[in-house]
Each structure stands twice: as structure tokens, then as C-alpha cells.
Amino acid sequence: MQRDRPVVLSIAGFDPSGGAGVLADMKTMEQLHVQGMAVLTASTIQTEDEFIQLEWLPLEFLLESISILLVRYPVRVVKIGVVRDAGFLQAIIEGVRNCSKDIIIVWDPVLVSSSGYTFFSKKDIKILESLATKIDLITPNYNEYLTLCASLDLEGYKNVLVKGGHRKNMLGTDVLIQSKTETAFLPTRKVLFEKHGSGCVLSSAIAAYLARGKTMKEACWCGKQYIEQFLNSSPSLLGKHNGIQ
């Protein structure tokens with residue numbers, strides 16, 4: 001293991017196109033000089049623009065995989081991507097917290113995939129209230145934020161980064177909500193292209209910067225710089241990870 005690099009664990013799905021999920025997370029983390037590790041929640045059959053099938057991994061297998069890595073390696077941040085349901089998410093978070101109370105947990109709440117596949121039901125979302133104090137940051141897009149707000153009180157969460165890519169007004173402006181304080185991160189360049197897996201890339205970039213010692217605000221701002229460059233890296237739905245320091 002590279003001991004000069006902080007360790008980040010991604011718990012997410014496998015997308016064979018490499019645009020989203022753990023492959024996208026590992027590409028991002030490598031560019032940002034952290035040691036990325038991964039545990040799969042699911043495996044999919046898909047391309048960047050077509051979703052065909054998903055197969056969930058057994059929860060017991062998943063939890064054992066997480067435990068052995070957290071016991072063996074000095075993981076600083078855990079980033080959670082797509083999960084089967086709220087109970088699945090709860091078991092993962094409790095498994096992480098049983099190994100360490102100090103690990104930073106970032107959850108990118110994939111409620112509906114870009115290809116239209118729905119992962120959560122409304123009744124599942126209500127379970128998330130009990131997890132509020134155990135998650136350090138959630139990173140919903142604007143539509144996901146509205147859906148979550150309709151089901152639970154997000155004020156109980158420590159940090160909520162509302163991504164601005166789906167907003168009709170203030171397009172491209174991300175807002176970090178910390179208790180009753182809001183910090184707006186304005187776009188620094190015009191975004192020319194959309195990308196498959198952009199939410200995965202942003203959340204893993206933020207996780208990487210947190211592992212490197214950035215504050216929450218600093219990590220979210222630096223993550224925004226990374227994702228803007230990624231979005232403009234190519235005209236196709238699959239982006240290039242050129243990296244910024």
C-alpha cells in the first residue's frame with residue numbers, strides 16, 4: 001500500500017462502461033492522489049446511455065468485505081453510492097461505524113439513475129431520519145433534494161450539498177447547507193457537455209479532498225473545480241479524468 005496517500009473506500013455499484021460507480025470513483029481518486037479501495041453493492045449490464053439489468057450483491061458478503069478493509073487499512077473517508085434500499089444503506093453505515101466512529105461518511109443518494117431506474121421508494125426514504133447523525137455529507141442533485149425534503153427533515157443532517165446541474169434557476173450553482181447556514185458555490189466556467197456518472201465523480205472528488213485534510217467547504221469547492229473540468233473534457237457522455245491538483 002502507498003503509505004503517503006490517504007485511503008478512501010468507495011461502496012458503490014459496478015458500471016462496465018466505466019463512467020459511473022466504483023470505476024469512476026477509482027479514476028477520480030487516483031487523479032487526486034488518494035488510495036482508492038472499493039466494495040461493490042451491485043453489478044450492472046449497461047452502457048453510458050442504456051441500462052439493461054442490475055444484480056445486487058448479498059448484504060452479508062458486502063458487510064464482510066467492508067469490515068476486513070476497515071480493520072486492515074487506515075481508511076479516512078467512506079463514500080457510498082447506489083444501494084438497494086434504506087435498510088441496505090442503514091446496514092452499511094452501521095457496519096462502518098462499528099469499525100470506526102471517526103471515519104467521514106459521504107453518501108451520494110442515487111434515487112433514480114440517469115437511465116431511469118428507480119432504487120428507492122417513498123416509504124424507504126423515511127428510514128433515513130435515523131441515519132442523519134451518522135452521515136457527514138449527502139450530495140443530492142436538486143431533484144433528489146426536493147424528493148428527500150418531501151419525506152424527511154434534512155435539517156438533522158450535518159452537511160447537505162445540493163448540486164445545481166438540474167436547477168432551472170441558478171443553473172450550475174451548488175449550495176452547501178450546514179444547519180441553518182448556506183454557502184453557494186457559483187460556476188467558474190460554462191459547462192458545455194453532460195456526462196454519465198457526474199454525481200459519482202463529484203462525490204468521490206469531495207471524499208478525496210476530505211481525506212487530504214480539506215474542510216467541508218474547501219472540499220466541496222475543490223470538488224466543484226474537478227467536476228467542471230470533467231464535464232468539459234469531451235463532447236461524449238463518457239468524460240476524461242485529466243485531474244487537477
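**View A. The largest nonpolar core.** In this predicted model, the largest nonpolar core takes in 41 residues. Leu9, Ile11, Ile66, Val78, Ile80, Leu128 and Tyr157 are the ones with the most contacts inside it.

**View B. Zooming in on Ile80.** Skip the neighbours within four places in sequence, and Ile80 is still in contact with Ile11, Leu89, Ile92, Ile93, Ile105, Val106, Trp107 and Asp108. Another core, of 28 residues, lies apart from the largest one, and includes Met29, Ala211, Ala219 and Tyr226.

**View C. Trp56 and Phe88, ring to ring.** The model has two aromatic pairs. One of them is Trp56 with Phe88, a tilted pair at 5.9 Å centre to centre with 50° between the planes. The pair links distant parts of the chain: Trp56 sits in strand β3 (residues 51-56) and Phe88 in helix α3, 32 residues apart. Buried or exposed, where does Phe88 fall? Phe88 is buried, at a relative accessible area of 0%, while Trp56 is partly exposed, at 21%.

**View D. Helices α6 and α7 crossing.** The axes of α6 (residues 198-211) and α7 (residues 216-231) come within 8 Å and cross at roughly 140°, so the two helices are oblique to each other. Their crossing is right-handed. On the α6 side the residues that meet α7 include Val201, Leu202, Ala205 and Tyr209; on the α7 side, Ala219, Gly223, Tyr226 and Phe230 are among them.

How values were computed. Residues numbered from 1 in each chain as written. Predicted model: local features only at pLDDT ≥ 70, side-chain atom pairs only at ≥ 80, totals over all residues. Heavy atoms only, no water. Core = buried A, V, L, I, M, F, W, Y, C linked by side-chain atoms within 4.5 Å. Buried < 20%, exposed > 50% of the residue type's maximum accessible area, 1.4 Å probe, protein only. Contact = heavy atoms within 4.5 Å. Phe/Tyr/Trp six-rings, centres within 6.5 Å; stacked < 30°, edge-to-face > 60°. Helix = DSSP H or I, 4+ residues; strand = E, 2+ residues; numbered from the N terminus. Axes fitted to C-alpha atoms, helices over the stretch in contact; angles between N-to-C directions. Parallel < 35°, antiparallel > 145°, perpendicular 65-115°, else oblique. Left-handed = near helix turned anticlockwise from the far one by under 90°.
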